[in-house]
Amino acid sequence: MSSSPTPWFLEAEAERIAEAEDDARTIDLDAIDPVSLSLFQANAQDPYFRRLREDDPVHYHESSRVGPYWSVTSYEQIKFVDTHHGAFSSEPVVSLADLKDDFPLPMFIAMDQPKHDRQRKVAAPIVAPRNLQNFEAIIRKRAIEILESLPVGEPFNWVEDVSIELTTQMLATLFDFPHEDRRRLTRWSDVATGSPGTGIVESHEQRRQELTECLEYFTELWNERVNEPPKFDLVSMLAHGESTRSMTPQEYLGNLVLLIVGGNDTTRNSITGGLLALNQYPQEFDRLRADPSVIPNMVSEIVRWQTPVPHMRRTALEDTRALVLEETLYVDGVPHAPHGARRHAGGRQDDSRGGEGRDVVPLGEPRRACIRERG
Ligand code: HEM
């Protein structure tokens, strides 16, 4: 692998990143806009995040496509925000853009306590370690089948044929969703996160209509399962859960969207970004092939390296700038991560070796984290 010539797209990528590095070093801090879509489309975000993290980790951005906001880019401050819920709320949304009032999608990720924890408890067992162990055989079988079905010696679409296919098959299993219709889950995930103008839907009306179809489909599944004994799939769990069984249809849809997007967008982007990283760093690919025992480290490292969650929003409920700075002083007094590794959040370090000893926040810190964390 390391002896093959570098493919053209990797050369172009390296050139783009070098340009971004130069620009990020000298650009005025106020001109950096970490929510700019084009930054991510060009995969050029990292040097700008690094610059913010180093020069002003709590920075005020006066204007952007989502209006004015503070960006918080260092490990300590993110951890602080993530663990001070009284001051930093997840309501009304954790995505950047403000809500469109005419189609609210209440979901537990965007709720504060106590409702957040009650609803989370209903869904979390689906990804509890024991259950994931039960899934291991089927995940392996599907991964092998998908990889074996790929054409040899001709181009194919990795995102479509591998990342999306494997992710969607597993998502269908978690919902006990009809396998033959599984690509509808992929579509609903894309529609839920895609606003008009991004190539997914033409209008808000189309988005609303397609998500209403999602609700109708899942309402049938709910109606079938609510009168049966509880089963271990997400629809049955929501239909029987004490804090979810009386949800309004819109709240059911909101939580479905959370679980569909949470399960789909993240995993498929990790699989794709991980493959790209192994191609960008063929020496790491060689190391991996020589010693498959590094795979668990590689997985954590990929989630950190190619984080599929570029931003999380919190809404400050009080004047928190003084609070954050105070806590930073305190946190800075504590020794940094083991082996002298610099703590950081998002962004990347310069090598892609195992994450052992690193202290990073790709999946969220305690109190607010992926349902995979903390059971
Ligand atoms: C590479 C894979 C994944 C990454 C990097 C990831 C990342 C995250 C992060 C950072 C959060 C916290 C959001 C916050 O701060 O409010 C989160 C929450 C969540 N994720 Fe994931 N996730 C992944 C896979 C999944 C999967 C496979 C599912 C479902 C099957 C899922 C479902 C959820 C749910 C339901 C929440 C909300 C939890 C809560 O509010 O308590 N995620 N995820």
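## How confident is the model?

In this protein, confidence is highest in α10, at 98, and lowest in helix α14 (residues 321–332), at a mean of 43. These scores are pLDDT, the predictor's confidence in each residue, from 0 to 100. Helices here are DSSP runs (H or I, at least four residues), numbered from the N terminus. The average pLDDT of the protein is 85, and 84% of the residues score at least 70.

Because this is a predicted model, local features need pLDDT of at least 70 and side-chain atom pairs count only at pLDDT 80 or more, while totals for chains, interfaces and linings use all residues. Residues are numbered from 1 along each chain as its sequence is written.

Over residues 362–366 the pLDDT stays under 50, and the model has 17 contacts for them beyond four places in sequence; two residues are in contact if their C-beta atoms, placed from the backbone, lie within 7 Å. Where pLDDT is low, the predicted coordinates should not be read in detail.

## The nonpolar cores

Now to the inside. A nonpolar core is a set of buried Ala, Val, Leu, Ile, Met, Phe, Trp, Tyr and Cys residues joined through C-beta atoms within 7 Å. Buried means that 20 or more other C-beta atoms lie within 10 Å of a residue's own, with C-beta atoms placed from the backbone. The largest such core has 34 residues, and Leu234, Leu256, Val257 and Ile260 have the most contacts inside it. Among the elements giving two or more residues to this core are α7 (158–175), α8 (183–193) and α11 (249–280). Helix α11 supplies the largest share, eight residues.

Setting aside neighbours within four places in sequence, Val257 is in contact with Leu105, Met107 and Ala192. A second, separate core has six residues, including Val72, Ile78, Val81 and Phe88.

Follow Leu171 next, which sits in helix α7. Leu171 counts as buried because it has 22 C-beta neighbours inside 10 Å. Beyond four places in sequence, it touches Leu185, Ile260, Gly263 and Asn264. Leu171 and Ile260 are 89 residues apart along the chain, yet their C-alpha atoms are separated by 7.3 Å.

Ile164, Thr168, Leu171 and Ala172 of α7 meet Arg183, Leu185 and Thr186 of α8. The axes of these helices, lines fitted to C-alpha atoms over the stretch in contact, come within 9 Å and cross at roughly 100°. The two helices are therefore roughly perpendicular, a term for angles of 65 to 115 degrees.

Definitions and conventions: A residue is buried if 20 or more other C-beta atoms lie within 10 Å of its own, exposed if 12 or fewer, and partly exposed in between; C-beta atoms are placed from the backbone. Axes are lines fitted to C-alpha atoms, for helices over the stretch in contact, and angles run from 0 to 180 degrees between N-to-C directions. Angles under 35 degrees count as roughly parallel, over 145 as roughly antiparallel, 65 to 115 as roughly perpendicular and the rest as oblique.
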